[in-house]
Amino acid sequence: MTELLEHLAGRTVIVGSGLAGLMTALTLAPEPCVIVTRAALGAETSSAWAQGGIAAVMGADDSAALHLADTLAAGDGLCDPTIAAGIVTEGPAAIAALEQAGVRFDRNGAGKLSLGLEAAHSRRRIVHAEGDGSGAAIVAALVRVAKQTPAISVLEGFEARRILLDGERVAGLLCASADGAAILPTAKVVLATGGIGGLYDATTNPTGNFGQGIALAARAGADLADMEFVQFHPTALDSRRRPLALVSEAVRGEGALLVNERGDRFMARIPGAELAPRDVVARAISAEIARGGRVFLDARAALGSRFATRFPVIAALCGEAGIDPAAELIPVRPAVHYHMGGVATDENGLSSVPGLWVVGEAASTGLHGANRLASNSLLEAAVMGMRAAGDISAMPAGPAGAIVAEKLPAPADASLVRPIVSRHLGVLRNAGAIEDAIAALLPLAEGNGPAADPAIVALSIAVFASLRMESRGAHARTDFPLKLAQANRRQMRLSQVLEIARATQPDALAPPYALARSA
């Protein structure tokens, strides 16, 4: 029996309760909305795990033009300059909105914001809270306000399974709860579901995040963009912990150095050294590991006894692994950290499906291009949450769409998909590996089993990767190591992804045809 939640009918439904989802809800208020979250409000979100902070132009020596230039350089030719300029310019307003919501950012003795430096930034512009506990502090503050806001209804323990359509327009959301299936009738859905790290063995994301929002939007017919660009954070703590703990780029911003097992500072030979863009550092570390070596972060001289004060969360994580970062080397390795691709949206987060907005990591706005600049993720989440709310509020209320109830799909399970993606779609790729991934993922994506939704997302990454015959940003191909002269973004729908994937497989008619001839 499917329950129709008529008492919540017509409200904007926000799926996810990280920074992007919470900012959307709080900005919409006093307009009523519903937050759907499979866990407790604000829990199991990548936002809450962010250590560095939010990149924003707050320093006297900084400007939006400088921040934009750094963003475009890191994006390796694929950023949308207009979108990027707009989001960067709205950074200070986002910081002000967060402070108004109760976020207490770190300040120096003079009462001014304490600004950190991270890789590929030309200025100190990382606004942080509680040292390296920025994400947790920000999300905790927003959760407190959201719980006190009468206009925001929260459905915890609800998992979105399908977007229901009336023709091509959003008409509702089919969810699973402890009591069975439930439908939220609505013409406005916002997906704020986070990234795709759960598709990989080595990730710094919540392992349950396999790209649910992308799968939901793709099945609804939305355009996807730049799916091949998966950012590997260069320095995850190399331990038995799963997901892997992150050692923030801010540690290198404070002067920590990367060395191999021989004590060789291998990044010294590369422009930008330890503060080169993430894709450059990740590839260099991967090369050291591929030859059988190990890589360490050496913060002893740069931070020493100050480490635990500046980075209390990282110090605790190191301690959990039996490492004292003030006196010992920290073992690190690359791990999936962020997805630049996602559901294609306009400048307000609206997808190609009427009534469907996507904000945060699940979206592809064009801000990040081929490689996200550090700490631009929380910036985008905050700004785009606010923009989507403004866009939704300006939309006239339309007639309720007709809802056709669907059977509740099985809960998703990425366990069959994870080994395929980890092996074939890692830091370094080639045609053979990508083709193997497509062959293994296609039958899973076309099926109706628990692996179908994760496989749809993974297959999209593989097909987009097969079409990009160059190395650019986070997409590195050993068979196409050079960059094409012209940089082009790509958008496709799920139907096109499946069509291309099927075309790469052996002719399905071949076996019966051969039998007929032999007979």
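So, the lining of the largest cavity: that's Val230, Gln231, Phe232, Arg278, Asp279, Ala282, Arg283, Val427 and Ala474. By cavity I mean, on a 1 Å grid over the protein atoms alone, a set of points where a 1.4 Å probe fits but cannot get out, and a lining residue has an atom within 4 Å of a point. Before I go on, this is a predicted model, where local features need pLDDT of at least 70, side-chain atom pairs count only at pLDDT 80 or more, and totals for chains, interfaces and linings use all residues. Residues are numbered from 1 along each chain as its sequence is written, and side-chain values use heavy atoms, with hydrogens and water left out.

Back to that cavity. How much space lies in it? About 60 Å³, where a volume is the space filled by probe spheres set on the grid points, and points are joined across faces, edges and corners. Strand E13 (230-237) and helix H8 (278-290) each give at least two residues to the lining, and H8 has the largest share, with four. Those element names are DSSP runs, numbered from the N terminus: helices are H or I with at least four residues, strands are E with at least two.

For the classes, Ala, Val, Leu, Ile, Met, Phe, Trp, Tyr, Cys and Pro count as nonpolar, Asp, Glu, Lys and Arg as charged, and the others, Gly among them, as polar.

In total there are three cavities of 30 Å³ or more. Around it sit Asp226, Met340, Ser364, Thr365, Gly366, Leu367, His368, Gly369 and Arg489, and by class that's two nonpolar, five polar and two charged.

Now, the domains. The chain splits into domain 1 (3-229 + 340-394), domain 2 (233-337) and domain 3 (416-504), with bounds from an automatic or database domain assignment. The C-alpha centres of domains 1 and 2 are 27 Å apart. Across that boundary, 26 residues of domain 1 are in contact with 27 of domain 2, contact being heavy atoms within 4.5 Å.

On to the sheets. Strands of a sheet pair through backbone hydrogen bonds, either parallel or antiparallel. Here I call two strands paired if DSSP finds at least two bridges between them.

E8 and E9 run antiparallel, joined by seven bridges, with Leu164 opposite Gly172 in E9. They make a hairpin with two residues between them, and Gly167 in the turn has a positive phi of about 70°. Then E9 (residues 169-177) goes antiparallel to E10 (residues 180-185) over six bridges, and there Cys175 stands opposite Ala182 in E10.

There's also an open, parallel sheet of five strands, ordered E7-E3-E2-E11-E18. Its edge strands are E7 (152-156) and E18 (356-358), each pairing on one side only, and its twist averages 20° from one strand to the next. Inside it, E2 (residues 12-15) pairs with E11 (residues 189-191) over three bridges, with Ile14 opposite Val190 in E11.

Terms used
1 Å grid on protein atoms, 1.4 Å probe; cavity = no way out; pocket = protein on both sides within 12 Å on 5 of 7 lines; lining within 4 Å. Axes fitted to C-alpha atoms, helices over the stretch in contact; angles between N-to-C directions.
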